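Visitor: Could you walk me through this model?
Guide: Gladly, here it comes.

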Amino acid sequence: MLLIVMFFVLPLVNMFLSSFTDSEGFTLNQYKTVLFNSYILQGFKNSITLSAVSALVALVVSLFAVYAMMRFTDPVKERILVMINLTSNFSGIPLAFAFIVLLGNSGLFTLLFEKWNIDALASFSLYSWSGLLLIYIYFQLPLSLMLLYPIYYGIQQQWKEAAALLGANTVQFWMKIGIPVMLPGIVGTFSVLFANAMGAYASAYALTGSDYNLAAIRIGTLLSGDIFAQPELASAIAVLLGATMISAMVLSEWSIKKTRRNL
């Protein structure tokens, strides 16, 4: 509890109070600046789009990947889960550096494809939207796999046998029974992935610096300040960023409850 208070509650309260203050005391100017500054709003739009797309892609890929995992024996599953756990810890600056080494302007695959006259990476730039999306999907996948893996255990073998006896094929079973039963967990997983991507900072900053406009990068830029720092404005952006993430979680919880009620 002491750790939670010191490293979560107190910084959160301080950030919230700081967003309503300036040199003259209480003010709403920080929020007015955020809501009427097109550049900051563009950062929120980019963050929401990047988070939603990366979460959706990772979720779809993970659904098929976990379905394939369930067909292996238990020892093989355990080995795969160990690899997923190791991969989930590979993020932030090391992840960005690894992608730069492989797919940067002088990266291994970039130079190799160029030598072989393969145009697969000719129009690809790691330091653009597509590069950021690729990195986000990469660090979203292990988390998505870990969250979806237990959900498949909710699908009982007896249901498949009963559906088969009633004449349902595999596709019909998953469309009518499997996916509807798993839907609350899928929605919950998407919300966690979305929140995870919205708060990501290190990988994006290490890859693009402040060249690409994201809400998290704007917060870091305002705190460090090339000319002068604006921690109060950074706090206001952080509060609104947190509100966006909480709204997504609340919407997800409402969707989960509604889906379970319909089931």
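**A walk through the chain**

Visitor: Among contacts in the chain between residues at least 6 apart in sequence, what share joins residues at least 24 apart?
Guide: First, this is a predicted model, where local features need pLDDT of at least 70, side-chain atom pairs count only at pLDDT 80 or more, and totals for chains, interfaces and linings use all residues. Residues are numbered from 1 along each chain as its sequence is written, and side-chain values use heavy atoms, with hydrogens and water left out. A contact means heavy atoms within 4.5 Å. Of the contacts between residues at least 6 apart, the share joining residues at least 24 apart is 69%.

Visitor: How many helices and strands does the chain have?
Guide: Helices (H or I, at least four residues) and strands (E, at least two) are DSSP runs, numbered from the N terminus. Along the sequence the pattern is α-β-β-α-α-α-α-α-α-α-α-α-α-α. The count is twelve helices and two strands.

Visitor: What percentage of the chain's residues is buried?
Guide: Buried means under 20% relative accessible area, using a 1.4 Å probe and protein chains only. Out of 263 residues, the buried part is 36%.

Visitor: Which helix gives the most to the lining of the largest cavity?
Guide: The lining includes S47, L50, S51 and Y136; a cavity is a set of points on a 1 Å grid over the protein atoms alone where a 1.4 Å probe fits but cannot get out, and lining residues have an atom within 4 Å of a point. Both α3 (38-69) and α9 (170-198) supply at least two lining residues. With three residues, the top contributor is α3.

Notes
Buried < 20%, exposed > 50% of the residue type's maximum accessible area, 1.4 Å probe, protein only. 1 Å grid on protein atoms, 1.4 Å probe; cavity = no way out; pocket = protein on both sides within 12 Å on 5 of 7 lines; lining within 4 Å.
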